[in-house]
Amino acid sequence: MQKRLLVKAFIVGVLMLLLGIPLAMIQSTISERIAYRDEAARSIAADSVGQQQIYGPVLVMPYDEVYTVEEKDKDGKPEIKRYRKHSRHLVFPNQLDVQSNLGTERRHRGIHQVLMFNGAHKISGDFILPTMSELPHTESGSQITPDRPFIAMVVADVRGVRDIPRLVW
């Protein structure tokens, strides 16, 4: 009885070893495929846009400031000097509304496919424009000459911008 149990245990052990050999052989194939899939994902990510971050919109108001300062020259005599300083005042939106439509697309490399995200965004808002007297002055009584304002936005990776953004003013 003991001998039969020992033979059965021996046969089960041999069968386990025989079944383990093909599993070990296929494990290397599985590891290679995982490595190829990771390589395909990295290749697609390198060809496309990474994680996107959008900053803005910000209204940039450039202006020139002319001011006079009384300084002393080398001899200690008072001298009036006139300076011109170019500055930019940033105005952030009073209200900002972002509407996004997000979607996915599948890209293929060989037998592997990678899921990529895309989106279309509509950003709207309003700005409260400061008056000329509210712009920061270097010296009191300085003269400010405004330049042409513009809207600025920062996109982390411009490869992700497919269409030219439109500004409705």
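With which residue does E71 form a salt bridge? In this predicted model, in which local features need pLDDT of at least 70, side-chain atom pairs count only at pLDDT 80 or more, and totals for chains, interfaces and linings use all residues, the partner of E71 is K81, with the closest N and O atoms 3.7 Å apart. The pair links distant parts of the chain, since E71 belongs to strand β1 and K81 to strand β2, 10 residues apart. Residues are numbered from 1 along each chain as its sequence is written, and side-chain values use heavy atoms, with hydrogens and water left out. A salt bridge is taken here as a side-chain nitrogen of Lys or Arg within 4 Å of a carboxyl oxygen of Asp or Glu.

The confidence of the prediction is described by pLDDT, the predictor's confidence in each residue on a scale from 0 to 100. The mean pLDDT of the protein chain is 86, and 99% of its residues reach 70 or more. Among the elements of the chain, strand β4 (residues 112-126) has the lowest mean pLDDT, at 85, while strand β5 (residues 143-146) has the highest, at 90. Where pLDDT is low, the predicted coordinates should not be read in detail.

The secondary structure comes to one helix and six strands, where helices (H or I, at least four residues) and strands (E, at least two) are DSSP runs numbered from the N terminus. Read along the sequence, these elements follow the pattern α-β-β-β-β-β-β. The C-alpha trace spans about 120 × 50 × 30 Å along its principal axes. The radius of gyration of the protein chain is 34 Å, whereas a compact globule of 169 residues would have a value near 15 Å; this quantity is taken over C-alpha atoms, and the globule rule is 2.2 Å times the number of residues to the power 0.38.

The accessible surface of the protein chain comes to about 14200 Å², of which 57% belongs to carbon and sulfur atoms, as computed by the Shrake-Rupley method with a 1.4 Å probe, only the protein chains shown counting as cover for residues. Buried residues make up 14% of the 169 residues, where buried means under 20% relative accessible area, exposed over 50% and partly exposed in between (1.4 Å probe, protein chains only). Of the contacts with a separation of 6 or more, 67% are accounted for by residues 24 or more positions apart, contact meaning heavy atoms within 4.5 Å.

Helix α1 (residues 2-47) contains V14, and G13 also has its place in helix α1. V14 counts as partly exposed because its relative accessibility is 32%, and G13 is likewise partly exposed, with a relative accessible area of 28%. V14 belongs to a nonpolar surface patch that is formed together with V7, F10, I11, L15, L18, I21 and M25 and has about 790 Å² of accessible area in total. Patches are made of residues with over 30% relative accessible area and no salt bridge, like charges being joined within 9 Å and nonpolar side chains (Val, Leu, Ile, Met, Phe, Trp, Tyr) within 5 Å.

A search of the whole structure finds three salt bridges. In the pair described at the outset, E71 is partly exposed, with a relative accessible area of 27%, and K81 counts as partly exposed at 33% relative accessibility. R84 forms a salt bridge with D64, the closest N and O atoms being 4.0 Å apart, and this pair also links distant parts of the chain, with R84 in strand β2 and D64 in strand β1, 20 residues apart. R84 is exposed, with a relative accessible area of 60%, whereas D64 counts as partly exposed at 21% relative accessibility. E105 forms a salt bridge with R107, in which the closest N and O atoms are 3.2 Å apart; E105 is partly exposed at a relative accessible area of 23%, and R107 is partly exposed at 27%.

S87 is found in strand β2 (residues 78-91) and counts as buried because its relative accessibility is 13%. Leaving aside its neighbours within four places in sequence, S87 is in contact with M61, P62 and Y63. P57 is found in strand β1 (residues 54-72), and the peptide bond from G56 to P57 is cis, with omega near 5 degrees.
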